[in-house]
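Have the viewer open as you read.

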Amino acid sequence: MEEKVVEIRGLEKSFGDLDVLKGVDLDLYKGENLVVLGKSGSGKSVLIKIMVGLLKQDSGSMHVLGKEVSKLKTRELNELRLRIGFSFQNSALYDSMTVRENMEFPLVRNIKNLTKKEITMKIEGLLDSVGLPQSINQMPSELSGGQKKRIGVARTLILEPEIMLYDEPTAGLDPITCGEINTLIKQVREEYNTSSIVITHDLTCAKDTGDRMAVLLDGQFDAVGTFEEVFPQAEDKRIKSFYDYNFINS
Ligand SMILES: Nc1ncnc2c1ncn2[C@@H]1O[C@H](COP(=O)(O)OP(=O)(O)OP(=O)(O)O)[C@@H](O)[C@H]1O
């Protein structure tokens, strides 16, 4: 049987009268890229926040790498978080640090006893992987949006996460750069054997990067499957409108 790295069952979360997650079931398998789609406000970020222990569910379970996240003590939660790489929408680079310093920061903070040489080799190796070896001494302000995203991904990979979470990886990028980021997401899986969740509104990104799609509709994952299973034949109006908006109106 395929190994599950995330197993979500009957997950519910409300804020006052607002029921956001209404019994979510979802699995992420080892080595797969799972795309999570859903309109704005549907609860994608809430789901991810529960996954990394920033929010607690009201009921149901969230197992990540074999552990129920809501039951972890602070120290265990911090250990788990180190095994999860989060690539933020805005790439979250520190503007006052060079690319090298940005990449050194999580390493020095979390892994003791690395020599200067080891740190440099890791940084150079990852910058090579994301195709930006020449950017090592640049400031974030000197990079394009696509380059910042690449460095953001490299920075996240430096702690060798088992799970990668990509939040809107292609938002605000032109179609060619989007294509490059999609290729990078696939390459990360191949090179580092990560399991990934890609949150996106961009169906081209979904189609290019995802082994499976999961569409969050009214607080549950109604449609889960390959792109071909979920989208082109969709009869559900809510899913169809996603598809039409991306591929017919664009
Ligand atoms: N801490 C909170 N307190 C109260 N309401 C919240 C909180 N966090 C999220 N919500 C509400 O939960 C709903 C889902 O929010 P969420 O951020 O998960 O949406 P999303 O699907 O990620 O949207 P987007 O695609 O715009 O990022 C929204 O109505 C939001 O206002």
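Start with helix H5 (residues 145–157), which lies across E6 and strand E7 (163–167) and runs at about 165° to E6. Some bookkeeping on those words: helices (H or I, at least four residues) and strands (E, at least two) are DSSP runs, numbered from the N terminus. Axes are lines fitted to C-alpha atoms, for helices over the stretch in contact, with angles running from 0 to 180 degrees between N-to-C directions. Contact means that the C-beta atoms of two residues, placed from the backbone, lie within 7 Å.

Keep in mind that this is a predicted model: local features need pLDDT of at least 70, side-chain atom pairs count only at pLDDT 80 or more, and totals for chains, interfaces and linings use all residues. Residues are numbered from 1 along each chain as its sequence is written.

**The sheet**

E6 and E7 belong to an open sheet of 6 strands, ordered E6-E7-E8-E3-E9-E10, with mixed pairing. Its edge strands are E6 (84–87) and E10 (220–225), each pairing on one side only. From one strand to the next, the twist averages 20°. Two strands pair here if DSSP finds at least two bridges between them.

Further along, strand E3 (residues 33–37) and strand E9 (residues 212–217) run parallel and are joined by 4 bridges. E9 also has 5 bridges to E10, and that pair runs antiparallel. Here are some of the facing residues:

| Residue | Stands opposite |
|---|---|
| Val-35 | Met-213 in E9 |
| Val-36 | Ala-214 in E9 |
| Leu-217 | Gln-220 in E10 |

How enclosed is E9? Of its 6 residues, 5 are buried, so E9 is largely enclosed by the rest of the structure. Buried means 20 or more other C-beta atoms within 10 Å of a residue's own, exposed means 12 or fewer, and partly exposed is in between, with C-beta atoms placed from the backbone.

**Two positive phi values**

The hairpin of E9 and E10 has 2 residues between the strands, and Asp-218 there takes a positive phi near 45°. Asp-218 counts as exposed, because it has 11 C-beta neighbours inside 10 Å.

Asn-113 is another non-glycine residue with a positive phi, near 65°. You'll find Asn-113 in the loop between helix H3 (99–110) and helix H4 (116–129). Asn-113 is exposed too, with 5 other C-beta atoms within 10 Å.

**The whole chain**

Zooming out, the protein chain has 9 helices and 10 strands. Its C-alpha atoms fill a box of roughly 55 × 45 × 40 Å along the principal axes. Buried residues make up 36% of the 250 residues. Among contacts between residues at least 6 apart in sequence, 65% join residues at least 24 apart.
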